[in-house]
Amino acid sequence: MFIGNVEVKGLARLAPMAGISNAAYRMVARECGSALTTSEEIDATGLTRKNTKTRYDIAKYLPEEKPIALQILGANAETLVPGAQWLQDQGADIIDLNMGCPVQKITKTGRGSAMMKDVPKTAKILEAMRAVLTVPFTIKIRSGWDEKHLNAVEVAKMAEDVGVDAITVHPRTRTQQFSGLSKWDMITQVVDAVNIPVTGNGDVKSMSDAKRMAAETGVESVMIGRGAMGKPWVFDETFEDLSPEEKYDYQTRVINRHTELIIELFPEHVGLIQMQKHLSWYAGGRDRVRQFRVELFGADTYEETRAIFDRYWASVDPSMSEQPNMAAV
Ligand SMILES: Cc1cc2nc3c(=O)[nH]c(=O)nc-3n(C[C@H](O)[C@H](O)[C@H](O)COP(=O)(O)O)c2cc1C
(Lines give C-alpha, C1' and ligand atoms only; values in the text may rest on other atoms or scores of the structure.)
Protein backbone atom coordinates (compact mmCIF):
# COMPACT_ATOMS: atom_id res chain seq x y z
CA MET A 1 0.00 0.00 0.00
CA PHE A 2 1.13 3.55 -0.67
CA ILE A 3 0.28 6.57 1.46
CA GLY A 4 1.03 9.33 -1.01
CA ASN A 5 4.56 8.48 -2.15
CA VAL A 6 5.39 6.44 0.98
CA GLU A 7 5.26 2.69 0.56
CA VAL A 8 3.91 0.76 3.54
CA LYS A 9 5.67 -2.57 3.20
CA GLY A 10 3.57 -5.15 5.00
CA LEU A 11 0.06 -5.56 6.35
CA ALA A 12 0.39 -4.76 10.06
CA ARG A 13 1.94 -1.84 11.89
CA LEU A 14 2.23 -0.45 15.38
CA ALA A 15 -0.56 1.92 16.46
CA PRO A 16 0.40 5.20 18.13
CA MET A 17 0.18 4.90 21.92
CA ALA A 18 0.99 7.77 24.28
CA GLY A 19 3.70 6.84 26.78
CA ILE A 20 4.45 3.62 24.91
CA SER A 21 5.24 4.07 21.21
CA ASN A 22 8.35 6.21 21.62
CA ALA A 23 11.48 5.80 19.49
CA ALA A 24 12.84 2.82 21.48
CA TYR A 25 9.67 0.76 21.29
CA ARG A 26 8.91 1.76 17.71
CA MET A 27 12.39 0.62 16.70
CA VAL A 28 11.97 -2.86 18.16
CA ALA A 29 8.47 -3.15 16.65
CA ARG A 30 9.95 -2.14 13.29
CA GLU A 31 12.73 -4.70 13.62
CA CYS A 32 10.12 -7.38 14.40
CA GLY A 33 8.23 -6.47 11.22
CA SER A 34 5.93 -3.49 11.86
CA ALA A 35 5.39 -2.09 8.36
CA LEU A 36 5.56 1.56 9.39
CA THR A 37 5.54 3.27 12.74
CA THR A 38 3.73 6.35 14.02
CA SER A 39 4.80 8.47 16.96
CA GLU A 40 2.54 8.96 19.92
CA GLU A 41 0.40 12.12 19.85
CA ILE A 42 2.50 15.30 19.92
CA ASP A 43 0.78 18.38 21.26
CA ALA A 44 0.68 21.24 18.73
CA THR A 45 0.65 23.90 21.44
CA GLY A 46 3.82 22.45 22.98
CA LEU A 47 5.46 22.49 19.56
CA THR A 48 4.56 26.09 18.83
CA ARG A 49 5.59 27.24 22.32
CA LYS A 50 8.95 25.59 21.64
CA ASN A 51 8.47 23.32 24.64
CA THR A 52 11.70 21.30 24.78
CA LYS A 53 10.05 18.16 26.14
CA THR A 54 7.49 18.15 23.32
CA ARG A 55 9.94 19.10 20.60
CA TYR A 56 12.96 17.03 21.40
CA ASP A 57 11.77 14.16 23.59
CA ILE A 58 8.31 13.20 22.35
CA ALA A 59 8.98 14.06 18.69
CA LYS A 60 12.37 12.33 18.65
CA TYR A 61 12.88 9.48 16.20
CA LEU A 62 15.81 7.40 15.00
CA PRO A 63 17.06 7.73 11.41
CA GLU A 64 16.65 3.93 11.00
CA GLU A 65 12.93 4.29 11.66
CA LYS A 66 12.31 6.09 8.40
CA PRO A 67 9.83 6.27 6.81
CA ILE A 68 8.18 7.58 9.97
CA ALA A 69 4.77 9.12 10.62
CA LEU A 70 4.65 11.79 13.32
CA GLN A 71 1.25 12.36 14.89
CA ILE A 72 0.03 15.79 15.91
CA LEU A 73 -2.76 16.68 18.33
CA GLY A 74 -4.49 20.05 18.47
CA ALA A 75 -7.73 21.99 18.16
CA ASN A 76 -7.09 24.85 15.76
CA ALA A 77 -5.17 25.90 12.67
CA GLU A 78 -3.19 28.50 14.66
CA THR A 79 -1.22 25.75 16.40
CA LEU A 80 -1.74 22.75 14.10
CA VAL A 81 -0.39 24.46 10.98
CA PRO A 82 2.96 25.65 12.40
CA GLY A 83 3.22 22.52 14.56
CA ALA A 84 2.77 20.22 11.56
CA GLN A 85 5.22 22.33 9.57
CA TRP A 86 7.81 21.98 12.32
CA LEU A 87 7.38 18.19 12.34
CA GLN A 88 7.68 18.14 8.56
CA ASP A 89 10.90 20.17 8.81
CA GLN A 90 12.24 17.59 11.27
CA GLY A 91 11.97 14.99 8.51
CA ALA A 92 8.55 13.38 9.10
CA ASP A 93 7.62 11.29 6.07
CA ILE A 94 3.93 11.45 6.96
CA ILE A 95 2.00 13.83 9.22
CA ASP A 96 -0.92 12.15 10.99
CA LEU A 97 -3.60 14.17 12.76
CA ASN A 98 -5.11 12.64 15.91
CA MET A 99 -8.92 12.87 15.64
CA GLY A 100 -9.62 9.91 17.92
CA CYS A 101 -8.26 10.51 21.41
CA PRO A 102 -11.19 10.04 23.85
CA VAL A 103 -9.51 11.34 27.03
CA GLN A 104 -11.60 14.05 28.66
CA LYS A 105 -8.80 16.52 29.30
CA ILE A 106 -8.01 16.34 25.55
CA THR A 107 -11.56 16.48 24.18
CA LYS A 108 -12.70 19.32 26.47
CA THR A 109 -10.27 21.61 24.65
CA GLY A 110 -11.57 20.49 21.24
CA ARG A 111 -8.71 18.10 20.49
CA GLY A 112 -8.70 14.39 19.55
CA SER A 113 -12.13 12.85 18.93
CA ALA A 114 -13.81 16.25 19.61
CA MET A 115 -12.62 17.21 16.11
CA MET A 116 -15.22 14.80 14.71
CA LYS A 117 -18.09 16.83 16.21
CA ASP A 118 -17.98 19.94 14.02
CA VAL A 119 -17.17 18.68 10.52
CA PRO A 120 -17.23 22.04 8.63
CA LYS A 121 -14.91 23.62 11.22
CA THR A 122 -12.55 20.65 11.08
CA ALA A 123 -12.60 20.75 7.26
CA LYS A 124 -11.16 24.28 7.40
CA ILE A 125 -8.39 23.17 9.76
CA LEU A 126 -7.53 20.20 7.52
CA GLU A 127 -7.48 22.48 4.47
CA ALA A 128 -5.08 24.86 6.19
CA MET A 129 -2.79 21.98 7.14
CA ARG A 130 -2.97 20.49 3.68
CA ALA A 131 -1.97 23.82 2.16
CA VAL A 132 1.40 23.85 3.98
CA LEU A 133 2.23 20.13 4.00
CA THR A 134 4.27 18.69 1.17
CA VAL A 135 4.53 15.23 2.76
CA PRO A 136 1.53 12.86 2.87
CA PHE A 137 -1.13 13.92 5.35
CA THR A 138 -3.29 11.36 7.16
CA ILE A 139 -5.93 11.36 9.89
CA LYS A 140 -6.88 8.82 12.56
CA ILE A 141 -10.55 8.80 13.53
CA ARG A 142 -13.10 6.90 15.63
CA SER A 143 -16.55 5.81 14.45
CA GLY A 144 -18.02 8.99 15.91
CA TRP A 145 -18.63 10.87 19.14
CA ASP A 146 -21.34 8.53 20.45
CA GLU A 147 -23.89 6.02 19.16
CA LYS A 148 -26.17 8.87 18.03
CA HIS A 149 -23.37 10.51 16.03
CA LEU A 150 -21.70 7.77 13.99
CA ASN A 151 -20.16 10.02 11.33
CA ALA A 152 -16.89 8.29 10.36
CA VAL A 153 -18.07 8.06 6.75
CA GLU A 154 -18.95 11.76 6.60
CA VAL A 155 -15.60 12.73 8.15
CA ALA A 156 -13.70 10.40 5.81
CA LYS A 157 -15.39 11.85 2.71
CA MET A 158 -14.70 15.38 3.90
CA ALA A 159 -11.04 14.46 4.47
CA GLU A 160 -10.72 12.96 1.02
CA ASP A 161 -12.26 16.11 -0.49
CA VAL A 162 -9.71 18.38 1.20
CA GLY A 163 -6.79 16.26 0.02
CA VAL A 164 -5.99 13.97 2.95
CA ASP A 165 -3.94 11.00 1.66
CA ALA A 166 -5.11 8.17 3.94
CA ILE A 167 -7.32 7.45 6.94
CA THR A 168 -7.10 5.13 9.93
CA VAL A 169 -10.38 4.06 11.52
CA HIS A 170 -10.69 2.78 15.09
CA PRO A 171 -14.38 1.85 15.12
CA ARG A 172 -15.35 2.72 18.66
CA THR A 173 -17.13 5.90 19.66
CA ARG A 174 -15.58 8.46 21.97
CA THR A 175 -18.13 7.43 24.60
CA GLN A 176 -17.03 3.80 24.37
CA GLN A 177 -13.41 4.80 25.10
CA PHE A 178 -11.77 1.35 24.91
CA SER A 179 -14.63 -0.81 26.17
CA GLY A 180 -16.65 -3.38 24.25
CA LEU A 181 -15.56 -4.78 20.93
CA SER A 182 -14.82 -2.52 17.99
CA LYS A 183 -17.33 -2.82 15.17
CA TRP A 184 -15.32 -3.62 12.07
CA ASP A 185 -18.27 -3.05 9.71
CA MET A 186 -17.72 0.69 10.23
CA ILE A 187 -14.26 0.21 8.71
CA THR A 188 -15.91 -1.49 5.70
CA GLN A 189 -18.30 1.45 5.34
CA VAL A 190 -15.37 3.89 5.20
CA VAL A 191 -13.46 1.67 2.73
CA ASP A 192 -16.55 1.65 0.47
CA ALA A 193 -17.06 5.42 0.75
CA VAL A 194 -13.60 6.76 -0.20
CA ASN A 195 -10.91 6.13 -2.80
CA ILE A 196 -7.93 6.83 -0.54
CA PRO A 197 -6.25 4.03 1.47
CA VAL A 198 -7.89 3.06 4.75
CA THR A 199 -6.11 1.41 7.68
CA GLY A 200 -8.23 -0.65 10.05
CA ASN A 201 -7.67 -0.74 13.79
CA GLY A 202 -9.32 -2.27 16.84
CA ASP A 203 -8.90 -5.54 18.73
CA VAL A 204 -6.28 -7.05 16.42
CA LYS A 205 -4.07 -9.33 18.53
CA SER A 206 -2.21 -11.38 15.94
CA MET A 207 -1.24 -11.51 12.29
CA SER A 208 -4.12 -13.92 11.68
CA ASP A 209 -6.53 -11.34 13.19
CA ALA A 210 -4.93 -8.73 10.89
CA LYS A 211 -5.54 -10.92 7.85
CA ARG A 212 -9.11 -11.54 8.96
CA MET A 213 -9.69 -7.80 9.30
CA ALA A 214 -8.25 -7.22 5.82
CA ALA A 215 -10.45 -9.96 4.33
CA GLU A 216 -13.61 -8.79 6.13
CA THR A 217 -13.24 -5.04 5.58
CA GLY A 218 -11.11 -4.62 2.46
CA VAL A 219 -8.34 -2.61 4.19
CA GLU A 220 -4.77 -3.01 2.97
CA SER A 221 -3.21 -1.99 6.26
CA VAL A 222 -3.94 -2.81 9.90
CA MET A 223 -2.76 -1.12 13.10
CA ILE A 224 -2.11 -3.11 16.28
CA GLY A 225 -2.11 -1.24 19.60
CA ARG A 226 -2.76 -3.07 22.86
CA GLY A 227 -2.03 -6.42 21.20
CA ALA A 228 1.56 -5.24 20.74
CA MET A 229 2.11 -4.20 24.38
CA GLY A 230 4.83 -6.51 25.64
CA LYS A 231 4.63 -8.37 22.33
CA PRO A 232 6.47 -6.56 19.51
CA TRP A 233 6.98 -10.01 17.92
CA VAL A 234 3.28 -9.97 17.06
CA PHE A 235 4.42 -8.35 13.79
CA ASP A 236 6.63 -11.32 12.89
CA GLU A 237 4.65 -14.03 11.15
CA THR A 238 7.44 -16.56 11.66
CA PHE A 239 7.31 -16.21 15.45
CA GLU A 240 4.32 -18.52 15.93
CA ASP A 241 6.13 -21.37 14.18
CA LEU A 242 9.12 -21.31 16.54
CA SER A 243 9.65 -23.89 19.29
CA PRO A 244 9.22 -22.66 22.90
CA GLU A 245 13.01 -22.45 23.33
CA GLU A 246 13.40 -20.54 20.07
CA LYS A 247 10.63 -18.16 21.13
CA TYR A 248 12.36 -17.56 24.44
CA ASP A 249 15.66 -16.81 22.65
CA TYR A 250 13.91 -14.47 20.22
CA GLN A 251 12.19 -12.66 23.10
CA THR A 252 15.47 -12.39 24.99
CA ARG A 253 17.13 -10.73 21.97
CA VAL A 254 14.26 -8.26 21.56
CA ILE A 255 14.17 -7.41 25.26
CA ASN A 256 17.94 -6.81 25.31
CA ARG A 257 17.74 -4.59 22.26
CA HIS A 258 14.80 -2.66 23.75
CA THR A 259 16.50 -1.98 27.06
CA GLU A 260 19.73 -0.92 25.28
CA LEU A 261 17.72 1.58 23.21
CA ILE A 262 15.97 2.94 26.30
CA ILE A 263 19.33 3.52 27.98
CA GLU A 264 20.70 5.17 24.83
CA LEU A 265 17.71 7.43 24.20
CA PHE A 266 16.37 8.58 27.56
CA PRO A 267 17.82 10.18 30.66
CA GLU A 268 17.53 7.68 33.52
CA HIS A 269 14.64 9.39 35.34
CA VAL A 270 12.50 9.10 32.18
CA GLY A 271 13.84 5.83 30.83
CA LEU A 272 13.48 3.98 34.12
CA ILE A 273 9.68 4.25 33.94
CA GLN A 274 9.78 3.01 30.35
CA MET A 275 12.10 0.13 31.17
CA GLN A 276 10.08 -1.07 34.15
CA LYS A 277 6.75 -0.77 32.34
CA HIS A 278 7.89 -2.74 29.30
CA LEU A 279 9.83 -5.37 31.27
CA SER A 280 6.76 -5.92 33.40
CA TRP A 281 4.70 -6.51 30.24
CA TYR A 282 7.34 -8.80 28.76
CA ALA A 283 6.93 -11.02 31.80
CA GLY A 284 3.12 -11.16 31.40
CA GLY A 285 1.58 -14.58 31.86
CA ARG A 286 4.69 -16.22 33.29
CA ASP A 287 5.43 -17.75 36.69
CA ARG A 288 5.55 -15.59 39.83
CA VAL A 289 4.90 -12.45 37.82
CA ARG A 290 3.18 -10.53 40.62
CA GLN A 291 6.09 -10.92 42.99
CA PHE A 292 8.52 -10.05 40.20
CA ARG A 293 6.63 -6.85 39.38
CA VAL A 294 6.67 -5.63 42.97
CA GLU A 295 10.44 -6.06 43.04
CA LEU A 296 10.87 -4.53 39.58
CA PHE A 297 8.93 -1.33 40.31
CA GLY A 298 10.88 -0.89 43.54
CA ALA A 299 14.21 -0.52 41.69
CA ASP A 300 15.81 2.93 41.53
CA THR A 301 18.31 2.58 38.70
CA TYR A 302 18.65 1.06 35.25
CA GLU A 303 21.26 -1.34 36.60
CA GLU A 304 19.12 -2.57 39.47
CA THR A 305 16.06 -2.92 37.21
CA ARG A 306 17.97 -4.93 34.64
CA ALA A 307 19.51 -7.16 37.32
CA ILE A 308 16.07 -7.95 38.81
CA PHE A 309 14.73 -8.74 35.35
CA ASP A 310 17.72 -10.89 34.39
CA ARG A 311 17.40 -12.97 37.55
CA TYR A 312 13.69 -13.44 36.95
CA TRP A 313 14.03 -14.16 33.23
CA ALA A 314 16.73 -16.79 33.78
CA SER A 315 14.37 -18.57 36.19
CA VAL A 316 11.25 -18.75 34.01
CA ASP A 317 10.14 -21.82 32.17
CA PRO A 318 10.77 -21.18 28.42
CA SER A 319 7.91 -23.49 27.50
CA MET A 320 5.52 -20.90 28.97
CA SER A 321 6.23 -18.52 26.12
CA GLU A 322 2.62 -17.81 25.25
CA GLN A 323 1.51 -14.56 26.80
CA PRO A 324 -2.06 -13.52 27.54
CA ASN A 325 -3.55 -10.42 26.00
CA MET A 326 -1.60 -7.56 27.57
CA ALA A 327 -4.57 -5.22 27.35
CA ALA A 328 -6.12 -7.17 30.18
CA VAL A 329 -3.09 -6.69 32.43
C1 LIG B 1 -2.25 3.58 26.38
C2 LIG B 1 -2.79 4.01 25.03
C3 LIG B 1 -2.34 5.19 24.46
C4 LIG B 1 -2.85 5.60 23.22
N5 LIG B 1 -2.35 6.75 22.64
C6 LIG B 1 -2.75 7.09 21.39
C7 LIG B 1 -2.15 8.20 20.71
O8 LIG B 1 -1.23 8.87 21.22
N9 LIG B 1 -2.61 8.49 19.46
C10 LIG B 1 -3.61 7.76 18.86
O11 LIG B 1 -3.99 8.06 17.73
N12 LIG B 1 -4.17 6.71 19.48
C13 LIG B 1 -3.75 6.35 20.70
N14 LIG B 1 -4.28 5.24 21.30
C15 LIG B 1 -5.27 4.42 20.56
C16 LIG B 1 -4.59 3.30 19.75
O17 LIG B 1 -3.76 3.82 18.75
C18 LIG B 1 -5.65 2.39 19.08
O19 LIG B 1 -6.43 3.17 18.23
C20 LIG B 1 -6.56 1.71 20.12
O21 LIG B 1 -5.83 1.21 21.22
C22 LIG B 1 -7.35 0.55 19.47
O23 LIG B 1 -6.49 -0.41 18.93
P24 LIG B 1 -6.15 -1.80 19.71
O25 LIG B 1 -7.45 -2.50 19.95
O26 LIG B 1 -5.25 -2.54 18.75
O27 LIG B 1 -5.48 -1.42 20.99
C28 LIG B 1 -3.81 4.82 22.54
C29 LIG B 1 -4.25 3.64 23.13
C30 LIG B 1 -3.75 3.21 24.35
C31 LIG B 1 -4.23 1.91 24.94
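## The sheet

In this predicted model, 8 strands form an open sheet with parallel pairing. Their order across the sheet is β3-β10-β9-β8-β7-β6-β5-β4. From one strand to the next, the twist averages 30°.

Strand β5 (residues 68-73) and strand β6 (residues 94-99) run parallel and are joined by 4 bridges. Gln71 has Asp96 in β6 as its bridge partner.

## Helices α6 and α7

Two packed helices are described by the angle between their axes and by the distance between those axes. For helix α6 (residues 119-132) and helix α7 (residues 152-161), the axes come within 10 Å and cross at roughly 30°. An angle under 35 degrees counts as roughly parallel, and α6 is therefore roughly parallel to α7. Their crossing is right-handed.

On the α6 side, the contact involves Val119, Thr122, Ala123 and Leu126. These residues meet Glu154, Val155, Met158 and Ala159 in α7. Sorted by class, the contact of α6 with α7 comprises 6 nonpolar, 1 polar and 1 charged residues.

## Helices α11, α12 and α13

Helix α12 (residues 289-297) takes part in two of the helix pairs described here. With helix α11 (residues 268-282), the axes come within 10 Å and cross at roughly 170°. Since angles over 145 degrees count as roughly antiparallel, α11 and α12 are roughly antiparallel to each other. Gln276, Lys277, Leu279, Ser280 and Trp281 in α11 meet Phe292, Arg293, Leu296 and Phe297 in α12. By class, this contact has 5 nonpolar, 2 polar and 2 charged residues.

The axes of α12 and helix α13 (residues 302-315) come within 9 Å, with a crossing of roughly 165°. These helices are therefore also roughly antiparallel to each other, and α12 passes α13 in a right-handed crossing. From α12, the contact draws on Val289, Phe292, Glu295 and Leu296, while α13 supplies Thr305, Ile308, Phe309, Arg311 and Tyr312. The classes represented are 6 nonpolar, 1 polar and 2 charged residues. Phe292 and Leu296 of α12 are listed in the contact with α11 and in the contact with α13.

## Domains

The domain assignment of the protein chain gives domain 1 (2-235) and domain 2 (242-318). Their C-alpha centres lie 29 Å apart. The contact between them takes 16 residues from domain 1 and 14 residues from domain 2.

## Backbone geometry in two loops

Two loop positions complete the description. Lys66 and Pro67 are joined by a cis peptide bond, with omega about 0°. Pro67 lies in the loop between α3 (52-58) and β5.

Gln177 has a positive phi of about 55°, although this residue is not a glycine. The loop that holds Gln177 is the one between β8 and α8.

Terms used. Residues are numbered from 1 along each chain as its sequence is written. This is a predicted model: local features need pLDDT of at least 70, side-chain atom pairs count only at pLDDT 80 or more; totals for chains, interfaces and linings use all residues. Side-chain values use heavy atoms; hydrogens and water are left out. Axes are lines fitted to C-alpha atoms, for helices over the stretch in contact, and angles run from 0 to 180 degrees between N-to-C directions. Angles under 35 degrees count as roughly parallel, over 145 as roughly antiparallel, 65 to 115 as roughly perpendicular and the rest as oblique. A crossing is left-handed if the near helix is turned anticlockwise from the far one by less than a right angle, and right-handed if clockwise. Contact means heavy atoms within 4.5 Å. Ala, Val, Leu, Ile, Met, Phe, Trp, Tyr, Cys and Pro count as nonpolar, Asp, Glu, Lys and Arg as charged, and the others, Gly among them, as polar. Two strands pair if DSSP finds at least two bridges between them. Domain bounds come from an automatic or database domain assignment.
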